[in-house]
Amino acid sequence: MAEPSPGGFNSIRVLVPGIGTRFRCGGLNVALQTARLLSTLLPTEVVTYRERSEQHPFLNDLIRDESAPGQALWVVSWGFDVPRSLARLRGRPVVYQAHSSGYGFVLPPGIPVVAVSRNTLGYWGDRAPRNPLFWVPNALEPQWLERGARPSSSDRDAVTARPIDVLVQKRKSSPYVLNQLVPALKAQGLRVEVQNGWVEDLVDLFNRSKIYLYDSAEYWRGHGVSEGFGLPPLEALACGCVVFSSFNHALADTLTPGVTAHQIGQGTLENDLVRIRSAVDCPDHWIPAAETLDALLAESSESSWCLRWSRILAQLSDLRAHGALGLTSDSVLSSPSTRRLRWLQRRDRLRAKVVNRLSGWPWRVG
C-alpha cells in the first residue's frame, strides 16, 4: 500500500523560544530533532520567538509580513508558552507536539495534539477528547543505535568488563539516590560515577557503564509536571546497561518492571544495595532479552518516527480540508469544561430523584 502524501502544506515551521545557551535542554534537543526529521518530508525551518538568531527567522517578523492562514504548518511545544503561542498563531494551521503534561492550560478546539508518550496522550484524551489526537514517541538519535554496545545473545558477558560499575546523572536524580544510595554503593567498594555538566561523548560514557540509575519521580512531582518521555533510560538500554529506574509518567511507556528495567528505591535501601550489587556482579542476568530490546529500540528509531509523521501530515491535510484544523473554525467539536460536566451530571441525578418520587411526573414509567 502506498504511503499517504503529506499534501496540503508547502512547509513546516517548528517554533522554539531560542537556540542559545539558556534554552539548552532536552526539550530544545527534541524540537531541533523534530525539525531535522520533518525536513525529510517537507521543507522545514526552525522559528524563534524570544531570542533572535542569525540562522533562523523570528516569529514577529513572519506574522507581520505574512497574512493568515498561509500554507505552512506550525509546530508548537514549549510547555508554559503554548497558550500564548497558539494565540499569536490564531488562524494559521498549527499542531501541538505535547511532551510533559500538567501545565494546566485548556487547549482550544481544533488544535491537533501529537503526544510523544501514551501517558501524555491519555492526559489530552481526557482533557481535550474532541481535539484530533496522535501519538509519535520520541526517537533515539542514530548514534545510540549505531554505536551503543548492546551485547548479543551469544556475548552477554561483555558488560561485566566495563570499568564503571554504576552511572548516575545528577540532574533530575532524587536526594535519595544522591545522598543515600550513591554513598552506600561507594562504601561497598563499587566505582560510581555521578555525571554533572557537559560530556563530549555520552554514548562512550554509557558504553563504559554496567548499571544506570534514573530516579526522576520526585523531580517532576516537585515541578508539578510530568516526565515527557524519558530518553536517558532508553539510551542506556541501547548501550547495554542494566537500568534501575522510577516508573513515573512516560517512563511506564517504555520500561517494564523486571523485564526492561528494575525499580529504584524499592522498599528499602538494603534491598536496592543487594539488587544493584547482584547486577554489577552478573549483569547478564539483569539485562533484557536481546529480542525484547531489539523490538523496543526498533519502535524508537528515526525511520519509525518519520513513517508515523508522514501519515499524520496526510491526516492533518484532510482535517484542514474539512474545516477541522485551526482556531477560527466554528464547526469544530469541543467538550464541555469539567465544571460544566459535573454540573450537568449533578442536575441529571437530581432530576432522576424527582422522577422516582413523584408518581404524577409525566415521563415516569410503570
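1. Helix 1 and helix 13 lie roughly perpendicular to each other, in what is a predicted model. The angle between helix 1 (residues 26-38) and helix 13 is about 70 degrees, and their axes are 10 Å apart. That angle counts as roughly perpendicular because the class runs from 65 to 115 degrees.

2. On the side of helix 1, the contact is formed by Gln33, Thr34, Arg36, Leu37 and Leu38, and helix 13 supplies Glu302, Trp305, Cys306 and Trp309. Sorted by class, these residues are five nonpolar, two polar and two charged.

3. The largest nonpolar core has 48 residues, of which Trp74, Tyr96, Trp124 and Trp309 touch the most other members. Helix 13, spanning residues 302-321, is the element that gives the most to this core, contributing six residues.

4. Beyond its neighbours within four places in sequence, tryptophan 309 is in contact with Leu38, Leu41, Val95, Val114 and Val136.

5. Another core, of 25 residues, lies apart from the largest one; Ile164, Leu205, Leu234 and Leu255 are among its members. Leu234 is also one of the buried residues of helix 9.

6. Helix 9 (residues 231-238) is mostly covered, with eight of its eight residues buried. They are Leu231, Pro232, Pro233, Leu234, Glu235, Ala236, Leu237 and Ala238, a list that includes the charged residue Glu235. After helix 9 comes glycine 240, which has a positive phi, near 85 degrees.

7. Helix 11 (residues 269-281) consists of 13 residues; from first C-alpha to last it reaches 18 Å, close to the 18 Å expected at 1.5 Å a residue. Its buried residues are Asp272, Leu273, Arg275, Ile276, Ala279 and Val280. An α-helix has 3.6 residues a turn, so residues three or four places apart point the same way. The cover over the buried residues of helix 11 includes helix 6 (175-187) and several strands: strand 7 (164-169), strand 9 (209-214), strand 10 (242-245) and strand 11 (262-263).

8. Glycine 91 sits in the loop between helix 3 (82-88) and strand 4 (94-98). Its relative accessible area is 21%, and it is therefore partly exposed, given that buried requires under 20%. Glycine 91 and alanine 324 are 233 residues apart along the chain, yet their C-alpha atoms are separated by 12 Å.

Terms used. Residues are numbered from 1 along each chain as its sequence is written. This is a predicted model: local features need pLDDT of at least 70, side-chain atom pairs count only at pLDDT 80 or more; totals for chains, interfaces and linings use all residues. Side-chain values use heavy atoms; hydrogens and water are left out. A nonpolar core is a set of buried Ala, Val, Leu, Ile, Met, Phe, Trp, Tyr and Cys residues joined through side-chain atoms within 4.5 Å. Buried means under 20% relative accessible area, exposed over 50%, partly exposed in between (1.4 Å probe, protein chains only). Helices (H or I, at least four residues) and strands (E, at least two) are DSSP runs, numbered from the N terminus. Contact means heavy atoms within 4.5 Å. The expected span of a helix is 1.5 Å times one less than its number of residues. Axes are lines fitted to C-alpha atoms, for helices over the stretch in contact, and angles run from 0 to 180 degrees between N-to-C directions. Angles under 35 degrees count as roughly parallel, over 145 as roughly antiparallel, 65 to 115 as roughly perpendicular and the rest as oblique.
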